[in-house]
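I opened the notebook to look up side-chain contacts and surface patches. My entries follow the structure below.

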Amino acid sequence: MNRNSRFSTTLLAAAALWFAPLAAAQTITVLFPQEPGSLLPHFDLLSLAHEAQDLVFDRLFVVDENGQYLPWLAAEVPTLANGGLSEDGRTYTIRLREGVTWHDGEPLTSADVAFTWRVITDPDLPIPTRTVWQDIESVDTPDAHTVVINFPEPNVTFLGAASFAGAYILPEHLLAGTDLNTSPFHRQPVGSGPFRLVEWQSGSFLHFERVDDYWGGPAQAESVVIRIVPGSEAQRAVLERGEADLVLQLAITELPFIEALPGHEAVQVPTFANWQVWLNNEDPALSDVRVRRALTHALDRELIAESLLGGLTTPSDAAVPPSHWAHAADVPSYPYDPEEAERLLAEAGWTRPSPGAIRTRDGEPLVIEVINIAGQADRVQVIQAIQAFWRDVGVGAEIRNIDAASFPPTLAAGDFQSAYGFFSEQQEPTWNLWLGTNWQRYANEAAFALLERYSVTVDQQERRALAIEFQTLVAEDQPVIFIAPRPLLAAASTALQGYSPTTTTSLWNVHTWQK
Amino acid sequence: MRRVAGLLPRLLLISLLLFGVVHLPRGGPADVYAADPAATPAAIERMKELWGLDQPLHVQYWRWVSRLSVGDWGTSYVERRPAMHVVMDRLPNTLRLTGAALLVGLVAGVGLGLLASVSRSAAVKHLARVVAVLGMSVPTFWSGAIVLLVFSSYLRWIPAGGMGTIGRPADFLDGLWHLAAPALVLGSVYVAQWMRYVQAGLDDVASEDFVRTARSKGLTRLQALLKHGFPNVMLPLVTVLGLELPRLLSGAMVTEVVFSWPGIGRLLHGSLVARDYPVVLGALLVAALAVVVVNLLTDLVYGVLDPRVRYA
């Protein structure tokens with residue numbers, strides 16, 4: 001090799017080194033399409049914020065990829081059998097894992113759990129969800145590693161709430177007496193999790209480093225980088241260049257791209273959510289159950305799921321998706337049957353003035369407005385399919401696009417006929433779609449009585465029976481059309497080991513990941 | 001001085017308009033959470049009370065504008081830190097991108113305009129016209145996507161977005177490497193436009209007596225146009241530059257999303273979706289202030305470029 005060529009080789013090598021991103025083997029890079037707002041738990045409901053918080057904080061329990069509770073900060077899951085749950089279902093006694101410390105070296109104790117409860121239920125803090133925690137009557141801390149949670153009534157949802165993504169325990173010694181509204185902790189958190197935040201460049205990335213004395217053992221990876229990449233073109237470029245190990249919340253439209261990308265695989269992240277059409281049951285046309293059933297019969301949901309939801313999901317008529325333990329497999333169903341839809345509509349008095357025309361009753365056309373959240377192509381495609389199917393049976397549909405913030409108040413005010421979106425149930429169902437928002441204005445006393453019995457029934461099998469009975473009534477009444485369970489798509493490098501997403505978070509076991 | 005003093009009422013009016021427009025759609029920052037199954041209506045209502053969003057709109061405006069007057073933009077509902085810090089974190093990034101895009105537009109636009117005007121070749125003039133039409137008609141979200149696909153995914157010449165290589169201390173070359181593609185894409189829109197202004201302006205003055213005189217003294221066409229023609233083109237160019245600022249900022253919003261550039265445009269997009277009013281209003285006010293100030297500067301530069309223009 002002569003001097004010139006040696007020089008060129010050295011120069012090229014230096015250039016390659018200079019331009020190569022420092023994606024060392026021990027760094028796991030995760031792409032987020034959206035930036036978390038805050039890393040102080042309980043203030044942000046964005047699921048990606050929970051994912052990032054999972055790196056820094058811990059929950060009492062987690063739900064694993066099989067839907068089973070695992071003790072996390074707790075030493076064991078309280079049950080009737082081990083005495084952790086009282087016979088009357090009102091008291092949970094939780095033994096905390098010993099030797100757990102915060103990143104500043106202070107021990108994590110039962111006082112931190114009690115403090116977390118006080119923060120969540122503090123009426124002077126803008127906390128978007130206090131579900132279940134607000135029902136707690138008192139939290140006792142007989143010793144540093146025992147927490148006793150007391151409810152005034154039997155409570156069957158606490159384990160679900162305590163393992164919910166976002167139910168992280170906060171350090172009392174750092175936060176007590178501070179103004180949590182504007183605390184620097186939102187961007188400089190100190191937790192007990194496997195990683196600590198070392199750099200947050202707004203709009204660009206969050207860089208976390210391994211905590212060596214993590215109670216679960218030091219993480220396999222030295223660091224985790226969350227890279228914020230909102231555009232699908234840039235996401236593709238990052239993936240094609242091999243600069244990401246995992247991409248969360250990909251659009252379903254990206255599925256063919258991922259399937260064709262060497263070294264990566266498409267991963268279906270489990271959810272308890274359904275894509276659905278809320279029907280306003282107080283609307284003059286939609287208050288008739290025959291019309292609601294006809295609208296479901298008119299839809300070829302199999303085709304929608306296959307062609308527009310990536311074939312990742314199978315339609316079901318039950319309110320709780322098949323992935324959930326409380327799912328009712330055998331409820332009245334409404335398969336694609338346009339003739340039956342036409343018969344039901346005619347029976348309800350909606351007839352076609354001429355072949356192919358929109359149906360009318362007393363001169364009023366049957367045209368239903370469908371509200372949608374603007375800006376997502378895959379949603380629009382599904383609504384257009386619904387529009388076409390309904391049009392086939394003589395029902396007109398007009399799409400009204402509104403922004404995400406306008407969607408809840410519009411539906412809550414009842415200022416709609418129908419709306420397309422998704423809604424998720426919890427690990428321990430809280431039935432918020434029915435008992436909380438009830439945007440569909442469902443009114444069936446018998447069904448709601450079942451849910452009331454459900455909420456005070458301690459035995460899970462009995463609860464399941466009640467849940468199935470409730471879903472059967474809902475399926476008969478069709479207050480909501482369940483299009484299909486909502487698939488969530490992620491892309492993972494085939495070299496990444498340990499990634500096993502759950503219904504709550506994807507990064508819950510990140511300390512075991514390696515590549 | 002009078003013109004500078006006139007800025008204040010103008011900005012006050014703009015603040016009123018912005019506040020009204022931002023609050024026009026139904027729903028608000030707390031309602032963004034309401035679609036989440038975990039959120040409870042009572043908790044959402046409490047959030048509105050705590051944030052003062054249950055107050056009449058005029059009360060909310062007065063509170064915002066009075067705080068604004070003492071430099072308090074409010075606290076971001078999303079990031080829970082002063083909205084001013086949120087906006088100011090991103091502002092330098094947008095200035096870097098738009099500044100580089102302006103430079104690309106000016107250098108390439110003026111250069112190509114000059115070339116098209118000076119050249120006698122029909123092919124060069126035709127090529128310039130094609131460049132002009134392409135530049136003006138291709139939207140940045142499309143050209144950005146194509147640039148990423150070709151130069152980042154396939155050729156690997158440019159990074160896949162962002163402002164710097166993660167894990168490396170910031171340095172000039174790395175910054176330039178990341179800046180080049182978004183600046184070229186954003187600037188390309190203006191290359192075409194400014195090229196046509198320069199070409200048309202130079203073509204107009206080329207037949208003027210003073211240029212003919214210069215040529216008769218032995219100057220080449222290029223020398224004559226550069227020395228005697230170009231100053232005449234500067235005035236309309238400055239006007240266009242001033243007028244183009246709003247379009248440049250809105251173009252930056254799209255380019256920032258495509259190239260994952262952490263600028264104010266992307267911040268505004270996310271904040272609008274989240275209805276983060278303090279950040280949205282802060283970012284919009286900064287943009288409005290920039291437009292007003294640039295228009296003022298444009299007026300002032302007139303006086304320098306054209307001695308006939310004088311302001312009291």
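Which residues make a nonpolar surface patch of about 910 Å²? I found F141(B), W142(B), I146(B), L149(B), F151(B), Y154(B), L155(B), W157(B) and V254(B). I noted that this is a predicted model, where local features need pLDDT of at least 70, side-chain atom pairs count only at pLDDT 80 or more, and totals for chains, interfaces and linings use all residues. Residues are numbered from 1 along each chain as its sequence is written, chains are lettered from A and ligands numbered from 1 in the order in which they are written, and side-chain values use heavy atoms, without hydrogens and water.

**Patch.** Patch residues have over 30% relative accessible area and no salt bridge; nonpolar side chains (Val, Leu, Ile, Met, Phe, Trp, Tyr) are joined within 5 Å, and like charges within 9 Å. Areas come from the Shrake-Rupley method with a 1.4 Å probe, and for residues only the protein chains shown count as cover. Helix α8 (residues 140-154) of chain B gives the largest share, 6 residues. Helices are DSSP runs (H or I, at least four residues) and strands likewise (E, at least two), numbered from the N terminus. I checked L149(B), which lies in that helix α8. L149(B) is partly exposed at 37% (buried is under 20% relative accessible area, exposed over 50%, partly exposed in between; 1.4 Å probe, protein chains only).

**Salt bridges.** R46(B) meets D124(A) at 3.2 Å, N to O. This pair crosses between chains, from helix α4 (residues 41-50) of chain B to the loop between α3 (110-120) and β5 (138-143) of chain A. D403(A) meets R275(B) at 2.8 Å, N to O. D403(A) sits in a loop of chain A and R275(B) in a loop of chain B, so this pair joins two chains. D403(A) is partly exposed at 26%, whereas R275(B) is buried at 4%.

**Rings.** I counted 28 aromatic pairs over all chains (Phe, Tyr and Trp rings, the six-membered one for Trp, with centres within 6.5 Å; planes under 30 degrees apart are stacked, over 60 edge-to-face, the rest tilted). F151(A) and F158(A) have ring centres 5.9 Å apart and planes at 65 degrees, so they are edge-to-face. F151(A) is buried at 4%, and F158(A) is buried at 0%.

Notes
A salt bridge is a side-chain nitrogen of Lys or Arg within 4 Å of a carboxyl oxygen of Asp or Glu.
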